[in-house]
Amino acid sequence: MQASENVITVNNVSKTYIIDTEGAKSFKQSFIDMVKQRKNNSIIKIKIFENVNFEIGKGEVFGIIGENGAGKSTALKMLAGIIRPDIGEITTTGTVAALLEIGLSFHPDLDGVENARLYGSVLGISRKKIKELIPSIFSFAELEGYEHVPIKKYSSGMQVRLAFAVATAIDPDILLLDEVFSVGDQKFQEKSFKKITSFIKEGKTVLLVSHDLQIIEDLCTRVLFLEKNGNVNLGTAKEMISLYHQKMK
């Protein structure tokens, strides 16, 4: 059941990605096309949201599902404030930690500790607080001994373990996760699952993108189902998973 206090509000939001399949053009060619009013058939517009409104309550576990390319990660990035909607407004209340892409906030030439500090600063945590958390972060990530190794020497699994450890160590009010259960080994997946369930028990707000519909059904109270045609569906986990299966037939 949704809590009465809302921590995320999506107000009349629209977002469309525009992709030119021909790649970059010179300024001269772009100018000529404009003057001659040439139609660019290589432009593809991908509609993610159109005039969407919803709210997420404090302590709610909210899922986002859909096919590859439907805009799940884009939606999560908008909710995290990393990218802006074309129209409308998204507001959040409380501290937000996002684990969206491997190495999203990491610098390849900095070592593990330096990147943990950098990631922490992106999340709004003081250097003093991150310094105190460093031992527990590397312990949870099972990266003791790699503190001063450059991130570019880390495997993708090591990077995501570090990012997850930082994001959860700061004890955010809102945790945004993109396919966190599909990376790392089985042991770390189980460990991260336990960490997330402990957050849920503490009344934290969790937004989760996953292709694992069983996890979505087990954890989420409500689900946003995005379709490639731009349709946005919102309902209970069971309703949206059922609709997803119908649409995929």
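Tutor: Start with E227 and K247, whose side chains meet in a salt bridge of 3.8 Å, N to O. E227 sits in the loop between strand 8 (222-226) and strand 9 (232-236), and K247 belongs to helix 8 (residues 237-247), so the pair ties together parts that are 20 residues apart in sequence. A salt bridge here is a side-chain nitrogen of Lys or Arg within 4 Å of a carboxyl oxygen of Asp or Glu. Helices (H or I, at least four residues) and strands (E, at least two) are DSSP runs, numbered from the N terminus.

The model is predicted: local features need pLDDT of at least 70 and side-chain atom pairs pLDDT 80 or more, while totals for chains, interfaces and linings use all residues. Residues are numbered from 1 along each chain as its sequence is written, and side-chain values use heavy atoms, with hydrogens and water left out.

How exposed are the two partners? E227 counts as buried, at 11% relative accessibility. K247 is partly exposed, at 43%. Buried means under 20% relative accessible area, exposed means over 50%, and partly exposed lies in between (1.4 Å probe, protein chains only).

Now widen the view. The chain has eight helices and nine strands. Buried residues make up 46% of its 249 residues. A search of the whole structure finds eight salt bridges. The general idea is simple: side chains of opposite charge can pair when their charged atoms come close.

Another of these bridges joins K187 and E142, with their closest N and O atoms 3.9 Å apart. K187 is in helix 6 (residues 186-201), whereas E142 is in the loop between helix 4 (127-140) and helix 5 (156-169), so this pair links distant parts of the chain, 45 residues apart. K187 is exposed, at 56% relative accessibility. E142 is partly exposed, at 27%.

K47 and E50 give one more bridge, at 3.0 Å from N to O. Both ends are partly exposed: K47 at 33% relative accessibility and E50 at 47%.

Helix 4 has 14 residues, which should span 20 Å at 1.5 Å a residue; its end C-alpha atoms are 19 Å apart, which agrees. The expected span is 1.5 Å times one less than the number of residues. Helix 4 bends by about 50° at L133, and a proline, P135, follows within four residues. That bend is the angle between axes fitted to the seven residues ending there and the seven starting there. Its buried residues are I130, L133, I134, I137, F138 and F140. Their cover includes helix 3 (112-122), helix 5 and helix 6; as a cut-off, contact means heavy atoms within 4.5 Å.

Helix 6 has 16 residues. It reaches 23 Å from first C-alpha to last, close to the 22 Å expected. F188, Q189, S192, I196, T197 and F199 are buried in helix 6. What covers them includes helix 4, helix 5, strand 6, strand 7 (205-209) and helix 7 (213-219). Just after helix 6, G203 takes a positive phi of about 85°.

Which charged residue is buried yet has no salt bridge? E179 is; K72, the nearest side chain of opposite charge, is 5.6 Å away. For charge, Lys and Arg count as positive and Asp and Glu as negative, with His and the chain ends not counted. E179 lies in the loop between strand 6 (174-178) and helix 6. Its side chain reaches the backbone nitrogen of H211 at 2.9 Å. Setting aside neighbours within four places in sequence, E179 is in contact with V209, S210 and H211.

Finish with R84, in the loop between helix 2 (72-80) and strand 4 (87-92). R84 is exposed, with a relative accessible area of 71%. Leaving out neighbours within four places in sequence, R84 is in contact with K15 and M78.

How values were computed. A polar contact is a pair of N or O atoms within 3.5 Å; within protein, one must be able to donate a hydrogen and the other to accept it, and residues adjacent in sequence count only if both atoms are side-chain atoms.
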